Amino acid sequence: MDQVPATRPQAGQQRSLSVGRGGAGDSLHSAQDYLTFAIDAQVYGIDILSVREIRAWTDVTNLPNTPEFVRGIINLRGTIVPIYDLRVRLGGGVTKPTRMHVVIVVVAANGTFGLLVDSVSDILSIEDRDLQPVPETDAASDYRFLAAIVANDERMVSIIDMDKLVTGQAASQMQQIAAAPAQAQIAVQ
């Protein structure tokens, strides 16, 4: 019988999926589910418990003085959500969104935000023992957002650490920038 926690684990906590095999050979296996998605030919994964929804690409409201990876903000049922171009954040060029692109709305330790990606692939259940450390390279800074790498069939999946992707400082800065238009509108009235 599967046992899945009802709430999202706090930053740094692991969650386990207990699987009973029946009989005297019962054993516990620690696994996590990951939503996988593509940017160009590379496949990435994020903890499924951090995903709140997947949306089609829509126009965003641009904000001044934001990093290049910030596409803008959207109003998601009364909540201002910054949208990050994950291609740029991971060191690639700017995405030219089409109706085929999607936004994955996630919740991390530093808030709620959207990730602009090319497409969503599937959900993988990955045993902790299958996660490999990110190899040390001269370009280690390009991999600072990755938590692990896993081989799945014929592809490599890079697991993103959501709490490293958006630091507390960046999240705080985005909240201040997003609040500025609302404060200006109040001042005009």
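Asp-85 is buried, with a relative accessible area of 0%; buried means under 20% relative accessible area, using a 1.4 Å probe and protein chains only. This is a predicted model, where local features need pLDDT of at least 70 and side-chain atom pairs count only at pLDDT 80 or more, while totals for chains, interfaces and linings use all residues. Residues are numbered from 1 along each chain as its sequence is written, and side-chain values use heavy atoms, with hydrogens and water left out.

So where does Asp-85 sit? You'll find Asp-85 in strand β5, residues 79-85. Strands here are DSSP runs of E with at least two residues, helices are runs of H or I with at least four, and both are numbered from the N terminus.

Val-51 is another one to look up: it belongs to strand β3, residues 51-56. Val-51 counts as buried because its relative accessibility is 14%. The C-alpha atoms of Val-51 and Gly-114 are 9.5 Å apart, though 63 residues separate the two along the chain.

| Residue | In contact with |
|---|---|
| Asp-85 | Phe-69, Arg-71, Val-94, Thr-95 and Leu-116 |
| Val-51 | Leu-35, Ile-46, Ile-104, Val-105 and Val-106 |

Now zoom out. The protein chain has 3 helices and 10 strands, in the order β-β-β-β-β-α-β-β-β-β-β-α-α. Of its 189 residues, 41% are buried. Take the contacts between residues at least 6 apart in sequence: 53% of them join residues at least 24 apart.

Note on methods
Buried means under 20% relative accessible area, exposed over 50%, partly exposed in between (1.4 Å probe, protein chains only). Contact means heavy atoms within 4.5 Å. Lists of a residue's contacts leave out its neighbours within four places in sequence.
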